[in-house]
Amino acid sequence: MATQSSSYPILCASFNQENSGFAISTKDGFKIFDSNTGRLCYERSVGAFIIVEMLYSSSLLAIVGAGEQPSLSPRRLCLFNTTTNAPLREMTFLTSILAVRLNRKRLVVVLQEKTYIYDSNSLAILDTVDTVPNLKGLCAFSPSLDGCFLALPASTTKGSVLVYNVMELQSHCEIDAHRSPLAAVALSSNGTYIATASEQGTLIRVHSVSEATQSYSFRRGTYPSTIFSLSFAPSLPLPDILAATSSSGSVHIFSLGFATSQRSKRSSSFLGSILPDSVNDALDPADHHVLHNAVSAGVRSYATVRKVEKEKVADNASSSEFASCRAIISLISYNGYFQEYTLSINNKNEASWSLEREFNLLTVNSDSARSS
């Protein structure tokens with residue numbers, strides 16, 4: 001997740017495919033951290049980078065300069081080895097690189113009007129996808145080889161998404177998710193679900209990728225807000241939790257499992273019989289948990305659900321009932337801070353937040369990033 005704004009000391013932030021590590025960049029260089037301990041694992045101070053993407057916990061990085069010096073052109077992608085501190089391969093494009101995604105089989109490079117698909121090992125180009133003007137480099141990627149999808153904007157006037165199968169090299173479907181253009185998009189790591197938000201930022205919608213049908217519609221709030229990030233919980237048959245951050249400074253958690261339970265309860269009610277599920281979900285706040293003022297309003301932030309631990313409810317409730325769970329949520333604010341929260345949700349859908357640790361990403365060294 002990158003930003004061209006010079007008002008933030010952090011230029012980009014990204015977690016690896018398994019959320020075990022994350023990278024940030026500043027005007028001076030980039031840093032790699034261990035998500036579990038907060039330990040600074042690697043640092044390189046050679047100038048500003050607008051993209052730093054990790055390949056799991058390997059020594060390979062995909063990095064793109066911010067263009068503040070000739071050697072760090074935003075049109076040049078460098079595959080960099082942190083063990084040898086040397087580039088493995090450089091690739092130059094005609095226009096600025098806006099996003100990069102990768103797994104062990106595919107490398108995706110997003111430009112304003114084209115997206116290139118490469119074989120990760122040989123770097124042979126496999127396909128070129130012509131896209132609508134994508135000024136923000138908006139995209140989502142599911143790294144699983146069994147459900148390896150790429151999501152890109154399909155319209156500049158409405159919130160349509162092109163879902164492309166990166167392994168089979170063909171378009172999978174197009175989803176009309178919102179009336180206004182997209183602001184954020186995320187795929188679950190197993191490629192099962194896609195979440196979207198429009199520029200209005202009031203509704204978060206979740207679609208089934210295989211069937212291209214809407215599964216959930218959550219109301220974030222009444223007033224418009226810019227959605228900065230969307231993130232599913234780690235891969236499960238059904239990701240139970242979706243996290244969102246917005247310009248309000250809040251972290252929003254939507255409980256998909258609880259929404260499913262409530263949907264089945266409503267189906268026999270009078271209101272449920274006359275209103276479609278998507279409308280019901282949007283109007284029902286029971287599946288929505290908010291951490292207010294996590295960061296200052298307007299400050300860009302990025303939250304990811306790193307872990308989810310579920311517990312079975314020891315009563316006579318049916319298997320469709322929402323089980324209690326404990327989620328670990330990591331939050332990076334672009335003004336330079338890392339926060340980690342535990343969100344506990346019981347079987348009555350009552351939630352509590354606990355701040356586990358917080359530190360300054362800009363001043364941290366190998367000894368100072370630890371639990372508070």
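Q: Which ring does the charged end of R104 sit over?
A: This is a predicted model, where local features need pLDDT of at least 70, side-chain atom pairs count only at pLDDT 80 or more, and totals for chains, interfaces and linings use all residues. Residues are numbered from 1 along each chain as its sequence is written, and side-chain values use heavy atoms, with hydrogens and water left out. A charge sits over a ring if NZ of Lys or CZ of Arg is within 6 Å of the ring centre and within 35 degrees of the ring normal. Here the charged end of R104 lies 3.9 Å from the ring centre, and the ring belongs to Y56.

Q: How many aromatic pairs does the structure hold?
A: Rings of Phe, Tyr and Trp (its six-membered ring) pair if their centres lie within 6.5 Å; planes under 30 degrees apart count as stacked, over 60 as edge-to-face and the rest as tilted. By that rule, the structure's count of aromatic pairs is 16.

Q: What kind of aromatic pair do F93 and Y118 form?
A: F93 lies in the loop between β8 (86–92) and β9, and Y118 in strand β11, so the pair ties together parts that are 25 residues apart in sequence. Strands here are DSSP runs (E, at least two residues), numbered from the N terminus. Both F93 and Y118 are buried, meaning under 20% relative accessible area, with exposed over 50% and partly exposed in between (1.4 Å probe, protein chains only). With 6.5 Å centre to centre and 75 degrees between the planes, the F93 and Y118 pair is edge-to-face.

Q: Which residue stands opposite A186 in β18?
A: β17 runs antiparallel to β18 (residues 193–198), and five bridges join the two. Across from A186 you'll find A195.

Q: Which residue of β12 stands opposite I117?
A: The open sheet with the order β9-β10-β11-β12 has antiparallel pairing. Its edges are β9 (99–102) and β12 (125–130), each with a single partner strand, so one side of each lacks a neighbour in the sheet. Five bridges join β12 to strand β11 (residues 114–119). The residue opposite I117 is D127.

Q: Is L169 buried or partly exposed?
A: L169 has a positive phi of about 60 degrees although it is not a glycine. This residue is found in the loop between β15 (159–165) and β16 (170–178). With a relative accessible area of 28%, L169 is partly exposed.

Q: What is the relative accessible area of N349?
A: N349 also isn't a glycine, and its phi is positive, near 70 degrees. Look for N349 in the loop between β27 (337–345) and β28 (351–360). N349 is buried, with a relative accessible area of 9%.

Terms used. Two strands pair if DSSP finds at least two bridges between them. Helices (H or I, at least four residues) and strands (E, at least two) are DSSP runs, numbered from the N terminus.
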